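Here are my notes on the model you asked about. Keep the viewer open while you read, and click on each residue as it comes up.

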Amino acid sequence: MKRSIAFTGKGGVGKTTCLVLFLKFLIETRQDHRILVIDADPDANVGDLIGEEIYFKDTIAGRMKILQGKIAKNIIAPYSNSKQAIEAELFNCILHKNNFDFIEMGRTEGVGCYCSVNNVLKNALDIISEDYDFVLFDSPAGLEHFARKTGKDVSDLLIIVEPSKMAFSTLKNILIVSDDVKLKFDNYWVLGNKFLDDRKDFFRKKIESLNEARIQLLGFISQDPEIMRYNLLSNNLLDLPRDNLTYKSAKELFEKLM
Ligand SMILES: Nc1ncnc2c1ncn2[C@@H]1O[C@H](COP(=O)(O)OP(=O)(O)OP(=O)(O)O)[C@@H](O)[C@H]1O
Ligand SMILES: [Mg+2]
């Protein structure tokens with residue numbers, strides 16, 4: 001695997017939107033690369049933005065729940081071949097699109113504890129990820145997943161911030177929590193989203209005032225009426241015209257990340 005990039009930040013800042021714009025950029029500029037998108041947000045939205053409806057039974061959580069039932073009924077022996085069964089189920093969850101693959105983790109709350117399969121699942125995800133040049137994670141809002149060290153194998157942390165005090169506080173907290181749980185990333189990027197021109201300098205200064213040598217401000221994506229319209233009309237964001245000005249400037253930022 002070349003790069004694994006987690007899109008994170010406060011709720012609603014545009015994590016999923018930026019991930020899909022980045023995916024569009026990769027599809028257009030890195031045709032010969034293998035791309036996997038993992039929707040790790042229990043409140044999954046990537047499918048919504050790319051026009052895919054994924055049912056619970058086709059998510060990893062859904063498959064694991066069914067498998068857990070089979071193990072409980074002794075249809076599959078718990079330790080002898082469950083590892084293979086989990087890996088096989090995981091491969092079955094992969095949705096193969098023209099230019100990328102997609103997996104949805106699904107909502108694990110209420111599914112019951114499947115601790116016995118969790119380690120195998122983690123390894124299997126690592127094995128699957130090895131087959132790709134780029135793995136993009138859509139992370140849940142908040143910091144909970146950092147506390148659980150979910151981002152252990154991520155090379156690039158991309159923290160999305162919208163022009164609000166709360167989004168900036170979340171950025172600071174993400175850095176604190178990732179230190180607390182000793183998560184280390186090769187790159188810490190900050191990406192401003194939904195920005196108007198007159199807010200950018202203010203935000204740049206706020207970032208400088210953090211005195212954080214490890215973070216790099218990637219730049220700003222504007223608030224774009226066309227992106228809002230695509231969302232409202234349930235249009236596939238991957239079909240946003242290539243000459244959309246916001247997308248064109250986003251592409252320049254994404255190229256910096258490469
Ligand atoms: N650059 C942008 N211009 C206009 N609208 C945007 C932009 N980025 C995101 N939005 C809109 O903001 C809303 C939230 O975006 P999105 O769902 O990507 O955020 P999120 O951080 O993934 O949210 P959640 O925390 O719920 O997962 C959506 O309506 C989306 O269309
Ligand atoms: Mg989202």
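The points below go from the whole chain down to single residues.

1. First, the big picture. Keep in mind that this is a predicted model. The chain has 258 residues, and 50% of them are buried. If you take the contacts with a separation of 6 or more, 82% of them are between residues 24 or more positions apart.

2. Now the sheet. In what order do the eight strands sit? Reading across, the order is S3-S4-S2-S5-S1-S6-S7-S8, in an open sheet with mixed pairing. Strand S3 (95–96) and strand S8 (215–222) are the edge strands, and each of them pairs on one side only. As a bit of background, strands of a sheet pair through backbone hydrogen bonds, and they can do that either parallel or antiparallel.

3. Helix H7 (residues 165–180) lies across S1, strand S6 (156–161), strand S7 (187–195) and S8, and its angle to S6 is about 155°. Helix H8 (residues 200–209) also packs on the sheet, where it touches S6, S7 and S8. The direction of H8 makes about 165° with that of S8.

4. Next, a pair of helices. Two packed helices are described by the angle between their axes and the distance between the axes. For helix H1 (residues 15–29) and helix H10 (residues 245–257), the axes come within 10 Å and cross at roughly 75°. Angles of 65 to 115 degrees count as roughly perpendicular, so that is the label for H1 and H10. On the H1 side the contact includes Cys-18, Leu-21, Phe-22 and Phe-25, and on the H10 side it includes Tyr-247, Lys-251 and Phe-254. Sorted by class, the contact has seven nonpolar, one polar and four charged residues.

5. Asp-101 deserves a click. This residue is in strand S4 (residues 101–104). Is Asp-101 buried or exposed? Its relative accessibility is 5%, so Asp-101 counts as buried. Its side chain has a polar contact of 2.6 Å with the side chain of Tyr-132. Beyond its neighbours within four places in sequence, Asp-101 also touches residues including Arg-34, Val-37, Ile-94 and His-96.

6. Have a look at both ends of helix H9 (residues 225–232). Asp-224 caps the N-terminal end: one of its side-chain oxygens lies 2.7 Å from the backbone nitrogen of Glu-226. After H9 comes Ser-234, which has a positive phi near 55°.

7. Lys-194 is not a glycine, yet its phi is positive, at about 65°. Lys-194 sits in strand S7, and with 28% relative accessibility it counts as partly exposed. Asn-211 is not a glycine either, and its phi is positive too, at about 55°. You will find Asn-211 in the loop between H8 and S8. At 72% relative accessibility, Asn-211 counts as exposed.

Terms used: Residues are numbered from 1 along each chain as its sequence is written. Chains are lettered from A and ligands numbered from 1 in the order in which they are written. This is a predicted model: local features need pLDDT of at least 70, side-chain atom pairs count only at pLDDT 80 or more; totals for chains, interfaces and linings use all residues. Side-chain values use heavy atoms; hydrogens and water are left out. Helices (H or I, at least four residues) and strands (E, at least two) are DSSP runs, numbered from the N terminus. Buried means under 20% relative accessible area, exposed over 50%, partly exposed in between (1.4 Å probe, protein chains only). A polar contact is a pair of N or O atoms within 3.5 Å; within protein, one must be able to donate a hydrogen and the other to accept it, and residues adjacent in sequence count only if both atoms are side-chain atoms. Contact means heavy atoms within 4.5 Å. Axes are lines fitted to C-alpha atoms, for helices over the stretch in contact, and angles run from 0 to 180 degrees between N-to-C directions. Angles under 35 degrees count as roughly parallel, over 145 as roughly antiparallel, 65 to 115 as roughly perpendicular and the rest as oblique. Ala, Val, Leu, Ile, Met, Phe, Trp, Tyr, Cys and Pro count as nonpolar, Asp, Glu, Lys and Arg as charged, and the others, Gly among them, as polar. Two strands pair if DSSP finds at least two bridges between them.
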